[in-house]
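Visitor: I am new to this structure and would like a close look at one part of it, followed by a careful account of how that part sits in the whole.

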Amino acid sequence: MNRRETLLQLGGLAALSLAGLQPALAAGDDIVVGAIYPMSGPNAQVGVDARHAIETALQIINEPSAVDLPGAAGAGIASLGGRKLRVVYADHQADPQKGRAEAERLITQEKAVAIIGAFHSSVAATISTTCERYGVPFVCADSSSPSLHRRNLKTFFRPAAHDEMFSQAMFDFMDLQKKSGKKVESVALFFEDTIYGTDSSNVQRKLAAERGYKVAADVKFRANSPSLSAEVQQLKTADADVLLPSCYTTDTILLMNTAAQLGYKPHNVVAQAAGFVEKAALDVVGDKLQGMITRASFALDTAGKRPSITFVNERFKARAGRDLNDASSRQFMAAIVLGDALQRAGSTDSDKLIAALAATDIAGDKTIMPWERVKFDASGQNTFASPVLQQFKGTGFVTVFPTAVAMAQPVWPMNA
């Protein structure tokens, strides 16, 4: 018996005690799902796009769609009499305690059968523990801290990769550049003081030591800092071959503008996505990020290999006015995975839905992602979520790694 099976048994009595929170649905009732994202503040655009992504998934689940994705053929959840999914959205404002309160409200008042979220790993940490307390599944769409799935939670499920997986791909890419004769000897870590930044830097520090890269600078900064002048000066002095930043939108903008002011021009940037792929940042400092490489879960330019990408992107773009990106693609897939589990569970009962999520096995070609498949391990992590690396050129991204799915050769150094 594995850990998840044990946890399911131990959690049975607790789930029964909370059954009153989720009464049986009457015929025709919508199935309510909660989604918690930043809908205001510096990362509000993430929340706006998350809503468009999830609503795109609901359109495919709730209406018959001619695309090869789970749940697309029927109208609603067939095993539940064709009931439709309806999402109630909440704004966590990038505040972990606000996220916790909103999760509790969605579960106890809105009767949400599951929660999707939450972009910020620090917020995902509090939401997921709240879901665990109530016995309600949390589908972690796009929060990438590795520690999130290592807390022995039976209700936690993450279809996408975490930062260890992403960072390993980043270092594999740098190893390949080194083998091809490029200068890649030192790295500079630049990370915010949250669970996201701390976990990311811990992994990168470890990989640098294991693979023989000198850490020329190890710079932690306060998230949403009013100034990064001292930190950027450290990066400039270190003059590492590769800058490895982990930060969100406003800090990405401040970093690149401060770098320009202080005459710091990184040789190469290999980013942990987040602010470096958000349109709000690229619109402001995209000229300073030409040639930047980022890890990604999604590769729009591989649509020729997976027709579902074009189908979904067109429908998302009709709502959002922009293409799917790394975050919105993961938000879309989280809703698809949850819809598939509801179909197989044939019930909104928490135990049955948790068991169905744990048994998920979706082939990679039945997703819009470059993943091998969606299949959760005992901790609720999909270990088959293969990352890619993309380079920012002009106004868009092109996949450059791994070689098997690359659509172009990388420009290295980035300003060559």
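Visitor: Which residue stands opposite Val398 in strand E14?

Guide: Gln391 is the residue opposite Val398 in E14. This is a predicted model, in which local features need pLDDT of at least 70 and side-chain atom pairs count only at pLDDT 80 or more, whereas totals for chains, interfaces and linings use all residues. Residues are numbered from 1 along each chain as its sequence is written, and side-chain values use heavy atoms, with hydrogens and water left out.

Strand E13, residues 388-393, is joined to E14 by five bridges, and the two run antiparallel; strands (E, at least two residues), like helices (H or I, at least four), are DSSP runs numbered from the N terminus, and two strands pair if DSSP finds at least two bridges between them. Both belong to an open sheet of four strands with mixed pairing, in the order E9-E10-E13-E14. E9 (270-271) and E14 (396-401) are the edge strands and have a single partner each, so one side of each has no neighbour in the sheet.

The chain is assigned a domain 1, covering 31-161 + 302-385, and a domain 2, covering 164-296 + 389-405, with bounds that come from an automatic or database domain assignment. Their C-alpha centres are 27 Å apart, and 24 residues of domain 1 are in contact (heavy atoms within 4.5 Å) with 20 residues of domain 2.

Another open sheet has five strands in the order E2-E1-E3-E4-E5, and its pairing is parallel. At its edges are E2 and E5 (156-157), each of which pairs on one side only. E4, residues 138-140, pairs with E5 in the parallel sense over two bridges, and Phe138 has Phe156 in E5 as its bridge partner. Helix H3 packs on this sheet, touching E1 (31-37), E2 and E3, and the direction of H3 makes about 170° with that of E2.

H3 (residues 44-62) also packs with helix H11 (residues 307-320), at an angle of about 130° and with the axes 9 Å apart; here axes are lines fitted to C-alpha atoms, for helices over the stretch in contact, and angles run from 0 to 180 degrees between N-to-C directions. H3 and H11 are therefore oblique to each other, since angles under 35 degrees count as roughly parallel, over 145 as roughly antiparallel, 65 to 115 as roughly perpendicular and the rest as oblique. Residues of H3 including His52 and Ile60 meet residues of H11 including Phe311 and Arg315. By class, this contact of H3 with H11 has six nonpolar, three polar and four charged residues, where Ala, Val, Leu, Ile, Met, Phe, Trp, Tyr, Cys and Pro count as nonpolar, Asp, Glu, Lys and Arg as charged, and the others, Gly among them, as polar.

Helix H6 (residues 163-179) and helix H7 (residues 195-211) also pack, at an angle of about 35° and with their axes 10 Å apart. Among the residues that make this contact are Met170 and Phe171 of H6 and Val203 and Leu207 of H7, and the contact divides into six nonpolar, four polar and six charged residues.

Some backbone details complete the picture. The peptide bond between Gly117 and Ala118 is cis, with omega about 0°, and Ala118 is in the loop between E3 (115-117) and helix H5 (121-134). Trp412 and Pro413 are also joined by a cis peptide bond, with omega near 0°, and Pro413 is placed in the segment after E14, the strand with which this look began.
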